[in-house]
Protein chains: 2
Amino acid sequence: MSENNFLHQIIIDTDEFSLFNEFINAINNSQFKFFLIADKNTEKYCLPLIKKFVKNVENSDIIVLNNGESFKNINTCIDIWRWLLENGADRDSIVINLGGGVISDIGGFVASTIKRGIKFINIPTTLMSMVDASLGGKNGIDISNIKNQIGLYTNPYLVVVSPVFLKTLPERHIVSGFAEMLKYALIDNVYLWYEINKDKGIILNVVNKYIAQCIDIKMNIVSKDFYETGERKILNFGHTFGHAIESYYLTNNINSLLHGEALYAGIILESFLSYNICGLKKMDLNNICDLIFSLYKLPLINKEDFIEIIKLISFDKKNKNGAPRFSLISNIGESKYNIEVNDYELKRAVDFYINITK
Amino acid sequence: MSENNFLHQIIIDTDEFSLFNEFINAINNSQFKFFLIADKNTEKYCLPLIKKFVKNVENSDIIVLNNGESFKNINTCIDIWRWLLENGADRDSIVINLGGGVISDIGGFVASTIKRGIKFINIPTTLMSMVDASLGGKNGIDISNIKNQIGLYTNPYLVVVSPVFLKTLPERHIVSGFAEMLKYALIDNVYLWYEINKDKGIILNVVNKYIAQCIDIKMNIVSKDFYETGERKILNFGHTFGHAIESYYLTNNINSLLHGEALYAGIILESFLSYNICGLKKMDLNNICDLIFSLYKLPLINKEDFIEIIKLISFDKKNKNGAPRFSLISNIGESKYNIEVNDYELKRAVDFYINITK
């Protein structure tokens, strides 16, 4: 729709969306119509809150998608494009993405491609999305069960973060979202890491207080390298293995993993690579594993599965000319990117993972 | 992939692609791979010329699409995305779109959305595409038989215009492509209009000499308003009716019209609107009709068909809040945009068209 400014507006709002209401009132002199995308969960638990407090959303057209990553595909896009066209969306319309990362990923892609791009607002309803997926302008859908192969860099018009939605989330989703927060500490901020460790044991009750800090870390990195030609790649720490594990579980219909759950496994594997290749201290590696163990029971993955997972890594977008490249950490809070990792190192990381999870 | 600079590089090349070869040699120190998209026609008539003169294209992966607008849809995109992924396209790969507007529209969209955007080079093989479709960064696909509803603004990395391909084209396609050249004269350049009229009768033999001038006109307009919030809309002259007629013929499987053929009809209809609303002189309207008659036998469209065509206009992206808006001309070479046209005026234009074509 318009040029990317690399930093988009983010509101950290109250429980009653007073800032979002102000924003809408400010733009309300121009003519526009909202089209709201939800999933079955957010329709039930989050939409009533929005409708109660945000007047102009009441008359939106609403489409409700099936829950989950397995619907983040082109067929769902086609349904949404047709719905928008049939309901008269024009270039002044605004799409609202009410949901987690799946909704903002697909809704951002659909809005950015219909009529060559219309505005969209992300209202993240999961912790994961509040601190990561809704921010930074990446969107994408999966194809052939490989994650985010089709997508764009397009900034949202606005992101509205309200902690009110945390109350609607099951604990499993809080645990999952926290994986990204842990990642921010590991790649960028040793003080956040200390704080998190102080809260060990009660962390899931106090995640709220870290949200603004995590948003700051992410946006600071994104603003330096919007199109991910360099430094932004450090946000991929844990994700090269993490995405491949998530895709493998999705393809093989194994009990499905949430993104953050796969990311915990990825952080363990890539922390080991960091220890082995980049000089991360053994003690720090152990502390990272301990913290993750205190939060989440990691999935057991056997050697045969890992062979397939490593094959998937070669499809991953961090891959160049066949040699997988990783973003790793040399210390807590210090990261490097474009680190080539050979087969032998990958196998050692796999052995480490299998060993500590058995 | 990267920021849009609003003006992209255009090479008007020799028959042996010497400038394109220079360009490739200049970037060849970095590692990249070509993926070439053709259709059945360009595979047969144009690819051999490229292969003969451009060394590095020889080893490209090549996908060949079915011919025609009816394949410019999401299913074709899915085929191309999968082909790119299966053949190892990465963020350093370059897509080459070898064909007319359908190929650059779909290839530009696919390249801009895979892995959040990779580079693409347009090599237009039709006159239409040399002077219009391949230039200016718009791409798009059709959905539910409505044209270009899904798409983006993304500049090509390079456009290579070589008149050598004009020799491969049947006359029908030269006639069609000339419709856009005529449009440039009408909206922007009365001197081009005079020149064209001097060549009346032999125009199809000399189109070559106008190509560079038409490219200049288009890029000058595009550079002022890349995202089409204002002045770029004047490029839509003739297209509001033109697109609707083209969509209607496509949907109803009437003998199919080329884009430029529908555009001639659109220019007649919108020149009448221009005469009736914007003060275009009657004499100029007549001269426009005469010139078009000398080039092309306009399709007969009856009243019932026009009722459906006018319905389609309300789906068109130039439409805002229900009132269709047109880009019209107040004089030859002078244009206006966002002109609202009511039902009565539309019907008068339709009557005029039916009357002069019967």
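The structure described here is a predicted model. For the complex, the predictor reports an ipTM of 0.88 and a pTM of 0.90. Chain A has a mean pLDDT of 92, with 95% of its residues at 70 or more.

Lys282(B), Met283(B), Asp290(B) and Ser294(B) are exposed, whereas Ile288(B), Cys289(B), Leu291(B), Ile292(B) and Leu295(B) are buried. Viewed down the helix axis, the buried residues fall within an arc of 160 degrees and therefore line one face of helix 12 of chain B; the exposed residues are found on the other side. The buried residues pack against four helices of chain B, namely helix 7 (171-188), helix 8 (190-198), helix 11 (259-277) and helix 14 (343-357). The length of helix 12 of chain B was also examined. Its 14 residues (282-295), at 1.5 Å a residue, should span 20 Å, and the end C-alpha atoms are 20 Å apart, in agreement with that expectation.

The largest nonpolar core comprises 226 residues. The residues with the most contacts inside this core are Ile37, Leu98 and Phe178 of chain A, together with Ile37, Leu98 and Phe178 of chain B. Leaving aside residues up to four places away in sequence, Ile37(A) touches Ile63(A), Leu65(A), Ile80(A), Val95(A), Ile96(A), Asn97(A), Leu98(A), Ile103(A) and Gly107(A). One of these contacts, Leu98(A), is itself among the residues with the most contacts inside the core.

Asn148(B) has a phi of about 55 degrees and is placed in strand 7 (residues 146-153) of chain B. Glu228(B) also has a phi of about 55 degrees, but its place is in the loop between helix 9 (211-224) and helix 10 (239-251) of chain B. Asn148(B) has 20 other C-beta atoms within 10 Å and is therefore buried. Glu228(B) likewise counts as buried, because 20 C-beta neighbours lie inside 10 Å.

In chain A, His243(A) belongs to helix 11 (residues 239-251). This residue has 25 C-beta neighbours inside 10 Å and so counts as buried.

How values were computed: Residues numbered from 1 in each chain as written. Chains lettered and ligands numbered in written order. Predicted model: local features only at pLDDT ≥ 70, side-chain atom pairs only at ≥ 80, totals over all residues. Helix = DSSP H or I, 4+ residues; strand = E, 2+ residues; numbered from the N terminus. Buried ≥ 20, exposed ≤ 12 C-beta atoms within 10 Å, placed from the backbone. Expected span 1.5 Å × (residues − 1). Arc of directions from axis to C-beta. Contact = placed C-beta atoms within 7 Å. pLDDT = per-residue confidence, 0-100. Core = buried A, V, L, I, M, F, W, Y, C linked by C-beta atoms within 7 Å.
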